[in-house]
Structures are given as structure tokens and as C-alpha cells.
Amino acid sequence: MSTSAQDSLARPLLVEGGRTYASLTDLVAGLVERKPPRWWLPAFLASGALATVGVAMAAYLISTGVGVWGLNEPVGWAFDITNFVFWIGIGHAGTLISAILFLFRQKWRTSINRFAEAMTLFAVVCAGMFPLIHMGRVWLFWYLVPLPNANAIYPNFRSALMWDVVAVSTYGTVSLLFWYVGLIPDLATIRDRTSGLRQKIYGFFALGWRGSARHWREYEVAYLLLAGLATPLVLSVHTIVSFDFATAILPGWHTTIFPPYFVAGAVFSGFAMVLTLMIPARELYGLKDVVTLHHLENMSKILMATGLMVGYAYGVEQFVTWYGGNDFEKYTFRNRAFGPYAWAYWTMVSCNVLSPQVFWFKWFRRTPWAMFAVSIFVNIGMWFERFVIIVTSLHRDYLPSSWGMFIPTWVDVAQLAGSFGIFLTLFLLFLRFVPMVALSEVKGVLHEQLEHAHAEPPPHPASRRKEARS
Amino acid sequence: MANVFRPRADLWLRQIAAFAVLASVGGTAALYYYGPPEYTRVGYAPLQPTAFSHELHAGQIGMSCLYCHSNVEESPHAMVPPTATCLNCHNQVRANSPLLAEIREAGKTGRAVAWERVHKTPDYVYFNHSVHVKRGVGCVSCHGKVNEMPIIRHDQPLSMGWCLECHRNPEFALRPPSEATNLDWSPPVGQTQVEVGLHIKQQLAVNPPQTCAGCHR
């Protein structure tokens, strides 16, 4: 462990193992340049097979009709929108880490931001798939785009579903740009270390990066601007996703707490997924010097904080229902906790509210396998949260004569599994072909660590402030 | 370190980018020109099994549209006339013309003449001829100057946007219902189409639906 244990005021090292710039480059770029580890190909084939299942299920749905799913009146949204909100929520960690933590000068973000942003992109891909295929007639998707056309069909800009299309596609675009801009210096690093076709490919994507002072200046400005652009998106996207529900008059959906509740839930689930992927990856790829226990501890703290927010939201929902005294609302929440889907509700509560409480204890925050277990629980819990919100609200609303139940079909389940396949396939490709740690940024942190760590106390306040940021 | 790309690479990249931009702009423009019904449907004039001329019957002879399309004031469908309607006249007039052989054959066997359909709304559109004709939308508004067409021709786009244009501003098309089948009608001297249209609109309380369910029932 780092020497910081003795001195509680010293900041923990963000790069351990006595790494130098060269050994850091060899470590990260080497993962792309050398042959993949032995487990990679089997893992890729397995997830590729699962992804094929996902594509096949979508093809089956489109060629046959949405009736292959279990949803029907009154439950018109079920697994499809649950999966959409689940994936788009997972996509929130990447931008939070890369944009908000960047603006707050949280240097520990550098080791995990590339990883988290890639995860964001792939989660957005999975998320975007569900609203598309749940229409059944996917070729009519352009109805949602404001294109002048012979039918004089134009989107209804007062509909939250329309805002959702705009929000998610903006988010996907900005996330992709942000990720790519951050990648350019690292792609150039790999270009300069390889030869042949590979050099040409990385060279193409490096856009002629030569690392001149001017390049760096413009790069920093672009990165900062994109961070500024992405920051409101972290909050806006899930806010608008929550409007899909909150603007409806359905008891259980029509609540003003939804936007902050959804954003907290999104960050919560996103960090859980980062942990789920990061803990095995740092183990398997030997990245423990870069993604240290300190990083994992920070992430588990965020996980617990957002978990508490989500728990608070569950409590407030119940309180306001009681305080508001609306019979329909009261029934909906009683039905959630004690009705036919009570098992889903209590799965959600125990996974999301109870399981992160272990992070009050330091041992859990610094024990990777324990964090991994909690992150899995949170992933499950957050999927069930969306299921509970959507299905339990829809299946019993105002009119008891039109109550019903939702029972998923095998296609529903296979489509959900398939979306994990698509996600993991894209992720494995990322691990194989893209430097998974933001080398240039980690080197910036390493620089401060190497040059300033043992320096004398700085002579005047200005430079002391500068150091305090590290 | 040796250069990865030759100096030309930038030029190539720019050319490819310029081509991509041009191709997408051109593709969009082409789609907007060749895609809509204004291009795909207007002007459709298939050869019919028997060379029936609206120009001769409705134009030169001056027969009313209603003689053959006799249901148009009562029914959603204007109706393509049965062979018997043709033979009402043609068992006297040009009764032996070789041009009418198929009509006579159909009259004998009772099998319908296989007219090629020209105007067709999709099956998810509910269109009612009678309500339009009775409220003073002339045949000519949708079918054009049929009395000048030797071969019947698709004259208007009949797209949803085109329908809505009139549903939003019916005064541009309305005329006295008694003149609905008069293809050469024009507003009386001293009055504009809009004046006539607004008067009819008020008189007959014309209120065309603009909601989805108006046509997609």
C-alpha cells in the first residue's frame, strides 16, 4: 500500500507501483499491441453469440410484430422501456466521471474515465435499440424526426417522448465526441509504437496528432468545452427520461420528484456497472497500479451516496402518497409493496437501499470482490426499480375492470439477455483495440506525483493552491 | 520517425469528406424530389383495356360525371360503372365498333372489364366521396380536368399533406354543391374563389377534420 497510511493528511497516490511514464505507456499501450490474453477470444465468442441472440430476437419481433412480447393492455410498456431506462441510466456514469469530475478537478477520474465513457457509449447503443424496436415498425422511426414530408406529419414538440429522442441522441453524440477527442493523443501514442497497417489505422484516427504545444493547447480547450457541454447533459437526459413518465397522469408516475430521483438512480446504476466491469478488468489486465484501491474506494463512496439518495426518494414517494391522501395514489403504492409484484419491489429495496450500506465499513470499500458483489446487486436492483415503476403503475390504475398482469415471454427475456450480449461484445472490442486508460491524462497526474510529491513547502500561496488540486 | 502517411493523405481525406458532404446533400435532394407522390404518382396514366376517353364523353359530348359514377353523391365510393352502363348507349351507338369488342364481350359473359385503377388511397385512409361532393368540393379539385384527358391521368398528389392543405383552408376549393361536377366552373364575375369559398363554408358549416381519427378510423 501507499505510504499515505502513516500520514493522514497526505493524499493517496493515484498511480502506484513506482511507475514511470515509460512503464505506464508499456503497460497500457501494450494491452492493445500484444496478443489478447487467453480468456479474451472465448469471452468474445460467448458474448458475440449472446449478441446474435439479441439481434435475432429483434428480427423476430420486427418480422412478426410486437405481440411476441408479453406486453399488452393495460401494460403497454414493460421489458422494452425498462431495459431502455436501465441502459440509459448505466450510460450516466461515463459522462459524470469524465465531465463533472473533470470540472471539479477530481484527478482520480483519469484512470477510469476512458473505461467509463466507453461503457456509456455502448450502454447508449443498447438503450437506443429498445425504443426503436418496441415500435414494431422500425422504418417509421423518422416520424420522430422533424423532417418536412409529403404526409405533413410533424413531431409533437409538447410530447416528452419527443424530447427524449432529442435528449438521448444529443447525449450519444456529445459522449462520442468527448470520448474520441480524449482518445486522440493516446491513439497517436499507439501509432508511433506500431508499424504497418495497424499504424495506418491508428494514424488515421489520430488525425495527424503530433503533440506540439499548439496541439495540446487546442486539445485542452476542446476538452474543456466538451466537458462544459456534457455536464448539463448528465442531468438533463435522465430528467427528460423521467418526464416520459412524470408528464402522464398515471398514479405512480405523476410525481415531481422524478427528475432528481431518476438522475440519482442513473448515476447509482452507472457507477455500479463501472465497478462490475472495472474490478475484473483491472485484475485480468494487471492494471492495479493505475486503478488502485483508492479509486475503487472513491467509486464505492459515490455508489453509497447515490444509493442513499435513491433510498430517500423511495421514502419520499411513500410519504408524499400518504400525505397527499389521494386514494388512487395510495392504492398504487400499497399495491407496489404488497400486491402481485411485491417481490420485485422488495428486490429493488433490498438491492438498492440495503446492499450499499456495507460501504459504511472500510473493509468493504477496499475489498474488490465484496464491491463486485454489491455492484451486481445494485445492477439487479436498478433494473427492478424501472420494472417496478413501469409495470406496477400500469397494471392497476384507475379502473379495476381494466386491471391486468404482465408476464414476460421467452422473447422478452432473450431480448434482455441479448442486449447484454451486444454491450459486452462492444466492450470486449474496446478492451482489445482501444487504450483502456487515458494515458496522456494519467501521465499528467503522474507528473505531479513525481515532480511535486517530495517538494519543499511552496513559497507562496498561489502555487500552493495549484498543488492542492492534485 | 518516418512519416506514416504521404503528403497527399490530407488531400485525399479532404476530397473524401467533400464527396461525403456532396453525396449526402445530393442524396437528400434526390430523395425529396423523386420520393414524394408529386413525382411518383402524378402523371400516372396506364393504358386501359378499352381505350375509354373521358375527353370524348365528359368533354365533347358533355355527359355528367354522375351518369357513370352514379354513387358519388351517396356513397364513400364514386363507383366505376358496370358494363351495363356502357352498353346502355353502345348497344345503339357504334354497336359494332371493333374498339368496343371487349365491352360487348364483357356484357355477354358478365365478367367485369379489367380497368386499371388510377386513383387509390391507402387502405388505412377513410375517404368518403359523398361528403366532399355534397359540401361543394368539385371533382376537378382532386381529379383535375378529366374532360380534357383522352387517357385518364393521376392529376394531384393525393398525399396526406395535400389533403391537409385543403382541410386547413377549404375556402380555396369550395364551390356551390350544384356545380361540383362542372369541371369548367369558375367563380362568378366580381367574386373571388376565396369569397365564394368562405360563403359556402359558412352556409354549409364546413368543418373538415384535422385530427388523426378524421381519416384514420
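Predicted model: local features only at pLDDT ≥ 70, side-chain atom pairs only at ≥ 80, totals over all residues.
## Size and shape of the two chains

The radius of gyration used here is taken over C-alpha atoms, and the globule rule sets it at 2.2 Å times the number of residues to the power 0.38. Along the principal axes, the C-alpha trace of chain A spans about 75 × 50 × 45 Å.

Chain B tells another story. A compact globule of 217 residues would come out near 17 Å, but the radius of gyration of chain B is 25 Å. The box that the C-alpha atoms of chain B fill, again along the principal axes, is roughly 95 × 50 × 40 Å.

## Helices, burial and contacts

Chain A has 17 helices and zero strands. Of its 470 residues, 41% count as buried. If you look at contacts in chain A between residues at least 6 apart in sequence, 81% of them join residues at least 24 apart.

Buried residues make up 16% of the 217 residues in chain B. For contacts in chain B between residues at least 6 apart in sequence, the share joining residues at least 24 apart is 72%.

As background, nonpolar side chains tend to be buried together in soluble globular proteins. The largest nonpolar core here has 120 residues, and the members that touch the most others are A:Ile88, A:Ala93, A:Met119, A:Ala123, A:Phe271, A:Val274 and A:Leu303. Helix α9 of chain A, residues 258-284, gives the most to this core, with 16 residues. A second, separate core has 13 residues, among them B:Val137, B:Leu174, B:Ala180 and B:Val196.

A:Met119 is worth a click in your viewer. Leaving aside its neighbours within four places in sequence, A:Met119 is in contact with A:Ala93, A:Gly94, A:Met273, A:Val274, A:Leu277 and A:Phe427.

## How α5 and α9 of chain A pack

Two packed helices are described by the angle between their axes and the distance between the axes. For α5(A) and α9(A), the angle is about 115° and the axes are 10 Å apart. The crossing of α5(A) with α9(A) is right-handed.

Which residues bring α5(A) and α9(A) together? From α5(A) come A:Phe115, A:Ala116 and A:Met119, and they meet A:Met273, A:Val274, A:Leu277 and A:Met278 in α9(A). Sorted by class, this contact of α5(A) with α9(A) has seven nonpolar, no polar and no charged residues.

## Where the chains touch

The contact between the chains takes 10 residues from chain B and eight residues from chain A. On the side of chain B that touches chain A, the largest share comes from α9(B), with three residues. That side of chain B divides into eight nonpolar, two polar and no charged residues.

## Backbone details in the loops

A few loop residues deserve a look. A cis peptide bond joins A:Glu73 and A:Pro74, with omega about 0°. A:Pro74 lies in the loop between α2 (40-64) and α3 (79-90) of chain A. Further along, A:Ile153 is found in the loop between α5 and α6 (160-193) of chain A. A:Ile153 is partly exposed because 16 other C-beta atoms lie within 10 Å. The C-alpha atoms of A:Ile153 and A:Tyr143 are separated by 6.9 Å, and the two residues are 10 residues apart along the chain.

Positive phi values in residues other than glycine turn up at A:Arg105, near 60°, and at B:Leu158, near 55°. A:Arg105 sits in the loop between α4 (92-103) and α5 (113-134) of chain A, while B:Leu158 is placed in the loop between α8 (139-143) and α9 (160-168) of chain B. Are these residues buried or exposed? A:Arg105 counts as exposed because it has 10 C-beta neighbours inside 10 Å, and the cut-off for exposed is 12 or fewer. B:Leu158 has 20 C-beta neighbours inside 10 Å, so B:Leu158 counts as buried.

Key
Residues numbered from 1 in each chain as written. Chains lettered and ligands numbered in written order. Contact = placed C-beta atoms within 7 Å. Helix = DSSP H or I, 4+ residues; strand = E, 2+ residues; numbered from the N terminus. Nonpolar A, V, L, I, M, F, W, Y, C, P; charged D, E, K, R; others polar. Core = buried A, V, L, I, M, F, W, Y, C linked by C-beta atoms within 7 Å. Axes fitted to C-alpha atoms, helices over the stretch in contact; angles between N-to-C directions. Left-handed = near helix turned anticlockwise from the far one by under 90°.
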